[in-house]
Amino acid sequence: MSVEPEQAVERADRMLKGAYAGLKQFESGEGEEKYIGLYNAVSFGRNLTFALQKAKSKDAEFEHWYEDRIEVLKQDPVCRRMKDLRNEMEHEGGSGVATHASFSGSIAELQRQVPSWADSIFIGDQWGGSGFIVETEDGEEVKFYIDFDNVDVETGLFFPDLNEQESYSKPTEARDDLRYYLKILAELVTDAKTEFGTDN
């Protein structure tokens, strides 16, 4: 269903706010909560372009503007990866992310920071975090995420396909790509408001 450009811009602005909320959850969350934030950020980001697309058939000027702007997104490798990532997460059930982890230092120093009641340590799980595990009486393993002090532990999430294409010497953190992607979308929405917003 097509909508007027002003309505499309208003909806796109709401989608942008949702994407930034996802980024905030990704940056502050731990474990699977980080992944949920990542999913929300890329999903709302993709829905932003869908929202704008609905006004194409209503206004020839808007359609010309939209096609020009979307072509820029198509040429950007990070924006293309975000689109593919959303499709992978939404339709294929994949996570679209990988982890990297490195550790150097004293194992003894690492163990000193873990409580005596913990059962084991983990470095770089599937969500890019580190910490310790406690096994409950019913056999369930519960993770506690912590930042280790005085040892060199580096973990994180990255988008492997993009990094392979661009031949990065070091993986680009998912956080950095997300921030860049949302910055591009924010510029798109600002431009849309200037050209077609309700204040015009």
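Which side chains meet in a salt bridge at 2.9 Å, N to O? They are those of aspartate 13 and lysine 17. The structure is a predicted model. Its secondary structure comes to 7 helices and 5 strands, and buried residues make up 44% of the 200 residues in the protein.

**Overall make-up**

- From the N terminus on, the elements follow the order α-α-α-α-β-α-β-β-β-β-α-α.
- Among contacts with a separation of 6 or more, 61% are between residues 24 or more positions apart.
- The protein exposes about 11,100 Å², and carbon and sulfur atoms supply 45% of that area.

- Side chains of opposite charge can pair when their charged atoms come close.
- The count for the protein is 10 salt bridges.
- Aspartate 13 and lysine 17 both belong to helix H1, which covers residues 5–28. They are 4 residues apart, about one turn of the helix.
- Lys193 joins Asp13 and Lys17 in a network of salt bridges.

**Other salt bridges**

- Glutamate 27 pairs with arginine 179, with the closest N and O atoms 2.6 Å apart.
- This pair links distant parts of the chain, since glutamate 27 is in helix H1 and arginine 179 is in helix H7 (residues 174–196), 152 residues apart.
- Glutamate 88 and arginine 81 are both buried.

**Lysine 34**

- Lysine 34 is placed in helix H2, which runs over residues 32–53.
- Lysine 34 has a relative accessible area of 18%, so this charged residue counts as buried.
- Apart from neighbours within four places in sequence, lysine 34 contacts Phe26, Glu27, Gly29 and Trp127.
- One of these contacts, Glu27, is also the residue that forms a salt bridge with arginine 179.

**Cysteine 79**

- Cysteine 79 sits in helix H4, residues 77–92.
- Its relative accessibility is 5%, which means that cysteine 79 is buried.
- When neighbours within four places in sequence are set aside, cysteine 79 is in contact with Leu73, Tyr181 and Ile184.
- Where does tyrosine 181 stand relative to cysteine 79, in sequence and in space? The two are 102 residues apart in sequence, while their C-alpha atoms are 6.0 Å apart.

**Negative surface patch**

- Asp119, Glu135, Glu137, Asp138, Glu140 and Glu141 form a negative surface patch.
- Glutamate 140, one of the patch residues, is found in the loop between strand S3 (130–135) and strand S4 (141–145).
- Glutamate 140 has 46% relative accessibility and therefore counts as partly exposed.

Terms used
Residues numbered from 1 in each chain as written. Predicted model: local features only at pLDDT ≥ 70, side-chain atom pairs only at ≥ 80, totals over all residues. Heavy atoms only, no water. Helix = DSSP H or I, 4+ residues; strand = E, 2+ residues; numbered from the N terminus. Buried < 20%, exposed > 50% of the residue type's maximum accessible area, 1.4 Å probe, protein only. Contact = heavy atoms within 4.5 Å. Patch = residues over 30% accessible without salt bridge, like charges linked within 9 Å, V, L, I, M, F, W, Y side chains within 5 Å. Areas by Shrake-Rupley, 256 points an atom, 1.4 Å probe, with all protein chains shown as cover. Salt bridge = Lys/Arg side-chain N within 4 Å of Asp/Glu carboxyl O. Charge placed at Lys NZ, Arg CZ, Asp CG, Glu CD.
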